[in-house]
Amino acid sequence: MEMVGKELNKSFIAHAPIGIKITHCSLFNSMVDSDLVQLKHDILFPNNSPAMAPQPLLPLSAPSPLMPFTSIGLPKLSGQVLQLSRLTVDDMRLLDLSGLCPLKFSAAETLLSTTATDCWASLAPYLANVVCCPQFHATLVILIGQSSINTRKLALNVTQAEHCLSDIEQILGGQGANENLHNICSISPSNLTKASCPVEDVSEFERILDTSLLFAACKKIDAVDECCNQVCQNAISNAATKIALKSKSEALVLPEHSSMISDCKNIILRWLASKVEPSSANTVLRGLSSCNMNKVCPLDFPNMSNISKECGNMTSNQIACCGAMDNYMSRLQEQSFITNLQALNCAALLGKKLQNSNVSGNVYSLCHINLKDFSLQDSGCLLPSLPSDVTYDSSSGIGFLCDLNDNVAAPWPSTPFVPASSCNQTTKLPALPKATSAQSGKESLTSEKSIDVLVFKVKIHAMNN
């Protein structure tokens, strides 16, 4: 079998806090900006709480056949597979749809299918901040934007918003998505309205703004360049400020205007989504969300008094110190999957918190803490910083991409905290350690950054043709 580089098969036993069963991995080459591995997960996930202790799970040869999934349209209702454009009154009753939402779901049918997979039932809480919620938000923006082509309104009223949010969740749930997305992603019906933005009418919107400049800046973006140059983001901010202050006498932006400007940004995104095809709009929206997402650490840090006790004042008791660190990191690993840039931010933020708690020594180096240790599951899985989606395959189930560059040692902060950035030339992944006899192997791959990848606890076998 010919591929770009060797195709490799990896199998291992994973300890997964949420019962994720890793059935197959494939090593990929030249995937955007990192070397990636695709983890194929069993389609059925035990409904375990993320707070439960990890349990060893044996790899499975194939997903369970008990949960049918259709990649486009709806699952079987009344014995047949139905498409959104052909929903009957009986179908809407089975799905518990209101029939009072003016949005045209069939205009974004493929997009809804992608969202349902990205927010797959048991995975949604753990992929919320990096995949599910950005995609869910983009879907809502696009549905309203596409609807405005006919309604000439860039927002729903409160009653419509309540019905539409409920109907969208029902449709996504019918395709396998988590049925509680509005809570997972903190979306309320007000997010579908104009909220405090004073403009919702398309004609008024286009009269106030130079829409040709706005469209030129945002019709197509490069996800990496946009996060650095912020051409589209600046255009949106300027336009939102102009709309928000249209009826204000103040020339300056005051703190009390911030909420209104934020609401107007949503109006602008909907207008942009009305000017291009749903797939193109989705690419732009996901790219913009990744810029903001990778600036922060999404993890909650519990009390670290035990680390301060065991590791403070350059303690000489390494075993006790590292035991405290391991226990603390295991609690972080119960939270969610994060991206590689988020992991760098989390490492810096935790390091600063520890330094402020009287831990002056580099406990990351002392206790061998890697970037992957900040993400869910102890086998390590950092998602790429660029937007990615969960995939569904009828033979191998649910899968998503993981960055293999996660065996990088977590850097101990020595300068004021600056968010990690792919365009900050001073932000570089530390050099990888050399493989030892205790490690399973090392595979050097070629990518845009030519980063060597160390593979731990993974048996590598070249596939036979």
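Visitor: How do you know that the length of α10 agrees with what a helix of 17 residues should span?
Guide: The expected span is 1.5 Å times one less than the number of residues, so the 17 residues of α10 should span 24 Å. The end C-alpha atoms of α10 are 25 Å apart, which agrees. Helices here are DSSP runs (H or I, at least four residues), numbered from the N terminus. Please remember that this is a predicted model: local features need pLDDT of at least 70, side-chain atom pairs count only at pLDDT 80 or more, and totals for chains, interfaces and linings use all residues. Residues are numbered from 1 along each chain as its sequence is written, and side-chain values use heavy atoms, with hydrogens and water left out.

Visitor: What makes α10 largely enclosed by the rest of the structure?
Guide: Of its 17 residues, 13 are buried, so α10 is largely enclosed. Buried means under 20% relative accessible area, exposed over 50%, and partly exposed in between (1.4 Å probe, protein chains only).

Visitor: Why is Leu-140 called buried?
Guide: Leu-140, found in helix α3, has 5% relative accessibility, so Leu-140 counts as buried. Leu-140 touches Ile-168, Ile-187 and Leu-192, leaving aside residues up to four places away in sequence; a contact here means heavy atoms within 4.5 Å. Leu-140 and Ile-168 are 28 residues apart in sequence, yet 8.6 Å apart in space, C-alpha to C-alpha.

Visitor: Why are α3 and α4 called oblique?
Guide: They pack at an angle of about 125°, with their axes 12 Å apart, and that makes α3 oblique to α4. Angles under 35 degrees count as roughly parallel, over 145 as roughly antiparallel, 65 to 115 as roughly perpendicular and the rest as oblique. The axes are lines fitted to C-alpha atoms, for helices over the stretch in contact, with angles from 0 to 180 degrees between N-to-C directions. Where they meet, Phe-136, Leu-140 and Leu-143 in α3 face Leu-165, Ile-168, Glu-169 and Leu-172 in α4.

Visitor: What about α3 and α11: why are they oblique to each other?
Guide: Their axes come within 9 Å and cross at roughly 135°, therefore α3 and α11 are oblique too.

Visitor: What makes a group of residues a nonpolar core?
Guide: Such a core is a set of buried Ala, Val, Leu, Ile, Met, Phe, Trp, Tyr and Cys residues joined through side-chain atoms within 4.5 Å. The largest one has 65 residues, and Phe-136 and Leu-192 are among those with the most contacts inside it. Its largest share, ten residues, comes from α3.

Note on methods:
Helices (H or I, at least four residues) and strands (E, at least two) are DSSP runs, numbered from the N terminus.
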